[in-house]
Amino acid sequence: MHELAVCQALIEQVKLVAHEQHAHRVVEINIDIGPLSGVEAQLLEQAFSIASAGTVADGARLISKTTPVRVNCRSCGQVTDALPTRLICANCGDWQTRVVSGDELLLTTVEVSRNIPTETPPGITEH
Amino acid sequence: MCDTCGCNVTHGNAHLLQPGGKLERTDSGHESVSVLRNLLAENDHTAGHNRQHFDRHGVLAINLMSSPGSGKTALLEATIDALGKELAIAVIEGDLETENDAERIRRHGVKAIQITTGSACHLDAHMVHDALHRLDLGQLDIVFIENVGNLVCPASFDLGQHHNVTLLSVPEGDDKPAKYPVMFRSADLVLLSKSDLLPVLDDFQPSNARRHLQALASSAPIIEISSKTGAGMDAWLHWLLEETAALEHRIGAIDPTTATSMPAP
Ligand SMILES: Nc1nc2c(ncn2[C@@H]2O[C@H](COP(=O)(O)OP(=O)(O)OP(=O)(O)O)[C@@H](O)[C@H]2O)c(=O)[nH]1
Ligand SMILES: [Mg+2]
Ligand SMILES: [Zn+2]
Ligand SMILES: [Zn+2]
């Protein structure tokens, strides 16, 4: 189960973000997972509770969004929906396509909470 | 620590490579940091670094993947016997346990580094990097990396290879590309191994395997091959020699002073 290794890599990145932001707790982690990434979201979530124990990400919500499989046809140029095992152009039926969505494995956002809300850190957008 | 190029990628300094996140306040009063980074970015960075090592020495790196027992080691043994005089070959062997495969390779007079992954069902770029520093790349033409026998996990980890070669052995059935799309989509060449069994296992149709591969938008060439009888070996060796020449050409076309720049993924 390589999801454990992927999860450990995820937690390392989250720890770094938390450290950079002087956060004492990570509240929520958002990831995008494509069906063609080779990673099962469910297994990753299971691994997360084990791998995050005792880290700053302990108790954080892990929210994974499954991205749609979409291909760009080299023949007709259309971008259409596809299936992980059938990456054929839905418009013209050509098999020579390029995956434009559905293979991602992306950490999108990390929501953190800080000890003391001191002065506004650089880069923050108030609204 | 890498003494060849001075790029010391460790767990401790990998953060220097990533841009700082962007902040936004959420409704609940927390701060949302936008990261947009590949989960395996650290592995991919090390893989890029491995590729630099290979490129700098003009060494062709091939990642061999398949189910357990599809004939990866047998293919390497036959390949070494056929090419060993012409080209300098080394093998990096990945297995959960045992030195068996490395010992089989060494019997053919070639250097083999065994990586035992323990519980990890795949090789990653860090493991390969450690093994690389135990090889004298300057003396080599081809490095084969025999991945852990597994059609799922190895597909997610770039090792720094130039090409993925995936074996599909005849006893496994011709529908495997449909069942393991991530693995077969990543293949640059598919070898239908144990082709000597085709007459016995006649429900395996190479044309079906090709059809399933095309459904994955794969244009990888397919070679039917038997390490046992030698059938198909010529086509495989031809592919290897062509790729070796193509790499030399690519490297030669790059100014040696800029040859250290990161190659395209
Ligand atoms: N009939 C036939 N048998 C083969 C061929 N190649 C390998 N075998 C047999 O298949 C079995 C497994 O071969 P290996 O080369 O060890 O397979 P592998 O992919 O390296 O196995 P792992 O490293 O354990 O994943 C052995 O019993 C081989 O003798 C072939 O071309 N034809
Ligand atoms: Mg083997
Ligand atoms: Zn089309
Ligand atoms: Zn190095």
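The points below treat the interface, its salt bridges and the sheets in turn.

This is a predicted model, in which local features need pLDDT of at least 70 and side-chain atom pairs count only at pLDDT 80 or more, while totals for chains, interfaces and linings use all residues. Residues are numbered from 1 along each chain as its sequence is written, chains are lettered from A and ligands numbered from 1 in the order in which they are written, and side-chain values use heavy atoms, with hydrogens and water left out.

**Extent of the interface**

- Contact (heavy atoms within 4.5 Å) links 37 residues of chain B with 46 residues of chain A.
- The size of an interface is often given as the accessible area lost when the parts come together.
- Chain B and chain A bury about 3,500 Å² between them, and 59% of this area lies on carbon and sulfur atoms; buried area is the accessible area (1.4 Å probe) that two parts lose on being put together, summed over both.
- The interface of chain B and chain A holds 13 residue pairs in polar contact, with both residues at pLDDT 80 or more. A polar contact is a pair of N or O atoms within 3.5 Å; within protein, one must be able to donate a hydrogen and the other to accept it, and residues adjacent in sequence count only if both atoms are side-chain atoms.
- On the side of chain B that touches chain A, at least two residues each come from strand E1 (22-25), strand E2 (31-38), helix H6 (181-185) and helix H7 (206-215) of chain B. Helices (H or I, at least four residues) and strands (E, at least two) are DSSP runs, numbered from the N terminus.
- E2(B) gives the most to this side, with 8 residues.
- By class, the side of chain B that touches chain A comprises 17 nonpolar, 15 polar and 5 charged residues. Ala, Val, Leu, Ile, Met, Phe, Trp, Tyr, Cys and Pro count as nonpolar, Asp, Glu, Lys and Arg as charged, and the others, Gly among them, as polar.

**Salt bridges**

- Glu31(B) and Arg114(A) form a salt bridge through their side chains (2.5 Å, N to O).
- Asp103(A) and Arg185(B) likewise meet in a salt bridge (3.6 Å, N to O). Asp103(A) lies in the loop between strand E5 (97-101) and E6 of chain A, and Arg185(B) lies in helix H6 of chain B.

**Strand pairing between the chains**

- Strand E6 (residues 105-114) of chain A pairs with E2(B) in the antiparallel sense over 6 bridges; two strands pair if DSSP finds at least two bridges between them.
- Glu31(B), in E2(B), is the bridge partner of Val112(A).

**Sheet of chain B**

- In chain B, 7 strands form an open sheet with parallel pairing, in the order E5-E4-E6-E3-E7-E8-E9.
- Strand E5 (111-116) and strand E9 (222-224) of chain B stand at the edges with a single partner strand each, so one side of each has no neighbour in the sheet.
- Strand E8 (residues 189-193) of chain B runs parallel to E9(B), joined by 3 bridges, and Leu191(B) stands opposite Ile223(B).

**Sheet of chain A**

- In chain A, 3 strands form an open sheet with antiparallel pairing, in the order E4-E3-E5.
- Strand E4 (79-81) and E5 of chain A are the edge strands, each pairing on one side only.
- Strand E3 (residues 70-73) of chain A pairs with E4(A) over 3 bridges, and the bridge partner of Arg70(A) is Asp81(A).

Terms used: Salt bridge = Lys/Arg side-chain N within 4 Å of Asp/Glu carboxyl O.
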